[in-house]
Amino acid sequence: MIARLFIKEFKATSFLGKKGYKKILNILSSIILLGLFIALEVLLYINIFDKVNVYTDFNDALFIILSFVFFIAGIFSLVPITYNAFFKNTKERIILGTSPASTFDIILAKGLNIFFKALIITFSTIFTISLAYGIKSEKDFVFFVLMFFNSLGISFLLETFAFILVIPFREIRKIISRYKIVSFIIMMIFLIALALLYGAVLNLFVNLIRNDDIGSLFTVDSVNVLKEISNYLWPIKNVVELAKVNEVNLNFVIFFSFVVFSYVAAIFLFNRYLNDYYEGKTEFKKAKKQHTFSVKLTSIEGALVRKEFNLALSNSDGVFSYISLIILEPFLVFSVISAVNLIFHTGNLNYISTLFPSIFLTVDVILIMLFIAIINTTSTVSLLKERNTLLVMKTIPVSYFKQLLIKISVPTILSFISFLVSILALVIFNEISIVDFLFLVLVGALVIVLLNLVSLYNDLKSKSKSSLLSMLISFVFPFAAVALGAVLSLLVEPYLESVVFYLSIIALEIIVILLFIIKVKERVTKLFMKYEGEAR
Amino acid sequence: MSDQILTSSIKITNLNKSYNKKQVLFDINLEVYEGELFGFIGKNGVGKSTTIECVLGSKLFDTGEILVEGLDIKEKPIEVKKMIGYVASEPTCYEDMSGIQYLQFIASLYKVNPQIFIKNLTFLEKKFEFLEEDLYREIKEYSHGMKQKVCLMASLIHNPKIWILDEPTVGLDAMSTNELSLLMKDYVKHGNTCFVASHNIDLIAKLCDRVAIIKDGRIFNIYDLKREPSLRNRIEKIFLKLYEGNSE
């Protein structure tokens, strides 16, 4: 039973989802990519350890702190993975809950799959740092062997925490999902924190590039504080100490006994919760609310727009992919553009940008267009979200053209608002001029319209979003448009350069959009009637 | 039927439809009259739903003509859709909306007058024994039967002239099925047209004025149960024999 359940779980992962030679290629390419990633990481960490070597004993503290950060990040990433494995598919509750498999069988089968993920997390982060630390500190071979086993133990600990924390995670999620406004506020806080973290990392990176010196990042005081903190970072501190002894002693046995004991205890606790879940005991008994009846009939357009917003916001995956990216866009655009502008005003690049003043404007515009493209290609409210309600769309007395126009207008408006906030921030903080801002509003708006049209056309043609056309418009078109603008701007007087640069991009965008509108409008009814989505 | 002047409500002439190169409908000819309860029976996958979707204008067809109340579906799809209330074989609605939101959404699209909406809603709630408090819950929390009831209510909220139902009794309990049967009968009494496709031969035999049997994309025969009431007891046998290979 466990074996069958495990095979079901393993097959469900996209890693082995393909068949035949594609499966082998998939595995091989994943192994090669992971290998390259680990090699790159080791080199990077060796470089970092090399630079912090100037501070006495700081290597040990940094090793522990970095490993601890990855340990916590590992727990945070494994909790949603565990949640998805056990609770996301609500139909599974009926299938598995009524099957002869015990909850222990289900936990072990799914748990093994989760453990593989924990292994990947640990070995691509903590073990990699230990390799770099070991090489830099010229440790014996025994250290690496012990760290290998310790990493296995850490993987078990990660899963232990995941099993324990997934219970409050689900309970909090249940409460939050009842109040949309609360879930929205929490998501906003989470996203802002993420954006601030991203900004901090980017600043660190820019500082490193500008100064080529780690001294600008750490002071003697901060190093001492970090050293002190590292002494309290359980369990990583203890794990590192175990490996540094270079022998298997009693502490090593105690550590592994603790790992096994806590793992078993977590499984027992989780088993109890899962049993209650399958029996429906963990669900809320909804309190009956009093409703005052009021008729809210709107115009056709109003009803369709409301439906589109509902589709975009109702699905939790949608909220965390589409809306989160829309909210994050201003932070990301501002962080990256200001960092790029800073780099272009530093060192040799400063010299180049003095010779060719429009170069960083060109880079800024490309980056902004690429940001818009990435956010739109991953987030457009597509026809796929309709699923079996496509039949509703096809049978209501509203023209397909109007319905589809409204369908793309919602993501277009949301993307445009986010984009406007992004470039407003850039102009307020003097990263771009007022003239650049005015032109960029138009450039960005047209790119958003174009991307949504392409996305709709792709959906209607039932092609995947990664189709060639989508790739061309999302990633090649920005370069082509900016290159055209840059070349044409070289042909005019310097004071007209930026105007010609922007106008040629805008002209190219308008031409491509018109071509698309003509192409889509002619065939929209036929394509939509043929379109069956994923429903059948 | 024959004593009255029959006005065509749905007229399908030489309808042919293919998916890629596979033809699924062959020269379908059907005429459904105003005030008639018309049954459409056949095994799974023989073309019942495809025929219906062609009538609704949601599927393209190769050749033929479909007239609804005299309007060509290809030329006047929006006008035709305004006259039809449709229930799919599976509950098909926006499940993130509450029942009341979905009904208001549909009513808005059909430009239903608010007073008529309230009147129809009150009537349908009572008919389908739908509690008002349930209307305020999200549809995804409903049982299969409740979802189907909301879809049935949505299909009638705009007072359509033609009611097309594709397997409407799937997921409904005996009481609701009985209520639906009475509603269909009542509906046609007011001069409306009801076209119902179902596996439930017993229901079709009891209810319908005429029945068409479809096999392998072709209309095998049309039986007038109103004119020959004895057929009501024999239609199941005819159907089973046809599919066993011995046509009557």
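The area buried between chain A and chain B is about 3200 Å², and carbon and sulfur atoms give 66% of that. This is a predicted model, where local features need pLDDT of at least 70, side-chain atom pairs count only at pLDDT 80 or more, and totals for chains, interfaces and linings use all residues. Residues are numbered from 1 along each chain as its sequence is written, chains are lettered from A in the order in which they are written, and side-chain values use heavy atoms, with hydrogens and water left out.

User: How many residues of chain A are in contact with chain B?
Analyst: Contact means heavy atoms within 4.5 Å. By that rule, 37 residues of chain A touch 38 residues of chain B.

User: Which element gives the most to that side of chain A?
Analyst: Helix α12 of chain A does, with seven residues. Helices are DSSP runs (H or I, at least four residues), numbered from the N terminus.

User: How many salt bridges link chain A and chain B?
Analyst: A salt bridge needs a side-chain nitrogen of Lys or Arg within 4 Å of a carboxyl oxygen of Asp or Glu. The count between these chains is zero.

How values were computed
Buried area is the accessible area (1.4 Å probe) that two parts lose on being put together, summed over both. Helices (H or I, at least four residues) and strands (E, at least two) are DSSP runs, numbered from the N terminus.
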